[in-house]
Amino acid sequence: MPEAGAGAASEPGRDDGAARFVSGSILRHVVVMSTTGSVGLMAIFAVDLLSLFYVSKLGDPALTAAVGFASIVQFFAIAINIGLMIAAGALVSRAIGAGDPAGARRIATSVTVHCAIASALLAALLLAVLDPLLSAIGAEGHTLDVAKRYLWISLPSNLLLGPGMLFTGLLRAVGAAREAMYVTLGGGIVTIFVDPLLIFGFGLGVDGAALAVCVARVTFVAIGWVGVRRYRMLEPPRLAAVLGDLPLVARIALPAVLTNLAPSVASAFVAHALSGFGPAAIAGNVVIDRLAPVAFCGLFAMSGSIGPILGQNWGAGRFDRMRGVLRVGAGVTALYVLLVWMLLALARGPLAGAFELKGVAADLFGFFCLVSGPVWFFNGLLFLGNASFNNLGFPFLSTLLNWGRATVGTVPPALLGAAWYGPEGVIAGTGIGSVAFGVAGLALAFRTVGRLERGVPAETAAVDPPTAEAVQAAPSSGMSL
């Protein structure tokens, strides 16, 4: 596996398994990885937002609501993909940090096979339960029919999205931030042109938006495949290795999946709570759900990017640098959120008009823009904590915190907010619930690093015996993972 350089500095065919994150400026590593990751995520989320923009121009709030309900179902599939991506990134980066490129390559290959199988099974399962699932979150009548049709077109392409997302995680694990960015950026650029062509040019409406999703996912997996081949990250799969690595991957992937399912469950509950206020409130919330990832994509990117940095430094026994990553991450989170918050507050009126939001929908959207800063700062702290737990062998802490926020931190305050203040109260209630869990996430992340430094065993097993020996050889790693 070649050196994990960024971009042109890496030479295809070179196989030194170097760990680039164990030295140099922590701030630079965090900013470079987060920035390139942000561009890629921005491409995904912005195209998603642009697709919603086109759908809103069809002039029917029920269509906008249908796309929103369909997206909630898609989030369940994406959560599974993210779990496998986290497992691959954590295990591969740790093996690289421990000087075991062969182990990293074997694990990457096994997870790719696991991901392809899981993506196909998940798509089939979701399609089988679409009616009760969509009805449970509030879809009905024409909105239900449109959402079902959208998902019957787009969900099968999850078979491509899973490996495509996995490839970005593998590329980030070796520090190939620019190549990981190209995966999502390429898909985004393609769909910028395909989306309006299918929706308006061919008159397909919402069906065109669903087809554009499929085109994007074909692009993701094609570009990602080129990247992982360039870095020689995969090898011909061996049944014994694929089956043998399954428990290892599952010990990280399963809690990561549970962790990432929690926000999907919370989103479904919020949609259900808002459905009582009519299609306009649902349409406003759909725009919020699509705009927020675009505006705050830097937080998603940073939480995904610090995982490999933490993993390599753990493999090298650099606990001082691991604490530095958390401190830098929290500081960058605060500055980033402040800037985005100001922009959203100033642009809330024009944005609401652009998406044809009126009345209740416009009021709900404007309220979100005014309160989004504090809410997303604490969300960002929780993201940092989750990335630390998933990559440092304590994934069930992520599961506990995320489900706590999705239940205790969402349901009671959202219900009370709805009863007292209407749709805005739902948004405010879920925001208040993020405060305690964000603070707890960052505090526990520092505590986790301290436990590893003291030699407290982690919850999972990291790698096969040869790689485990290499990791444990690092000074005071305390790793039984």
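A pocket, on a 1 Å grid over the protein atoms alone, is an open set of points with protein on both sides within 12 Å along at least five of seven lines. A cavity is a set of points where a 1.4 Å probe fits but cannot get out, and lining residues have an atom within 4 Å of a point. Grid points are joined across faces, edges and corners, and a volume is the space filled by probe spheres set on the points.

Ground rules next. This is a predicted model, so local features need pLDDT of at least 70 and side-chain atom pairs count only at pLDDT 80 or more, while totals for chains, interfaces and linings use all residues. Residues are numbered from 1 along each chain as its sequence is written, and side-chain values use heavy atoms, with hydrogens and water left out.

Helices here are DSSP runs of H or I, at least four residues, numbered from the N terminus. Which helix gives the most to the lining of the largest pocket? That is H9, with 8 residues.

On to the cavities. There are 3 cavities of 30 Å³ or more. H10 has the largest share, 4 residues.

Next, helix H11. It runs over residues 297-315, 19 residues in total. From first C-alpha to last it reaches 28 Å, close to the 27 Å expected at 1.5 Å a residue. The expected span is 1.5 Å times one less than the number of residues. Is H11 mostly covered or mostly open? Mostly covered: 17 of its 19 residues are buried. Buried means under 20% relative accessible area, exposed means over 50%, and partly exposed is in between (1.4 Å probe, protein chains only). Just after H11, Gly317 takes a positive phi of about 75°.

Salt bridges. The rule is a side-chain nitrogen of Lys or Arg within 4 Å of a carboxyl oxygen of Asp or Glu. How many salt bridges does that rule give? The count is 8.

Glu179 pairs with Arg230 at 2.5 Å, N to O. Glu179 sits in helix H7 (residues 177-201) and Arg230 in helix H8, so this pair links distant parts of the chain, 51 residues apart. Glu179 counts as buried, at 9% relative accessibility. Arg230 counts as partly exposed, at 27%.

Arg318 and Asp320 meet at 3.1 Å, N to O. Arg318 is partly exposed at 30%. Asp320 is partly exposed too, at 42%.

Then there is Glu453 with Arg323, whose closest N and O atoms are 2.8 Å apart. Glu453 is in helix H16 (residues 423-453), Arg323 is in helix H12 (residues 319-354), and 130 residues separate them. Relative accessibility is 34% for Glu453 and 24% for Arg323.

Now the surface. Leu197, Phe202, Leu204 and Leu211 make a nonpolar patch of about 360 Å². Patch residues have over 30% relative accessible area and no salt bridge; like charges are joined within 9 Å, nonpolar side chains (Val, Leu, Ile, Met, Phe, Trp, Tyr) within 5 Å. Areas come from the Shrake-Rupley method with a 1.4 Å probe, and for residues only the protein chains shown count as cover. Leu211 lies in helix H8 (residues 206-230). Its relative accessible area is 34%, so Leu211 is partly exposed.

Last, the backbone. Most residues other than glycine have a negative phi. Arg232 is not a glycine, yet its phi is positive, about 50°. Arg232 is in the loop between H8 and H9, and is partly exposed at 35%. Glu356, also not a glycine, has a positive phi of about 60°. Glu356 is in the loop between H12 and helix H13 (360-391), and is partly exposed at 39%.

How values were computed:
Helices (H or I, at least four residues) and strands (E, at least two) are DSSP runs, numbered from the N terminus.
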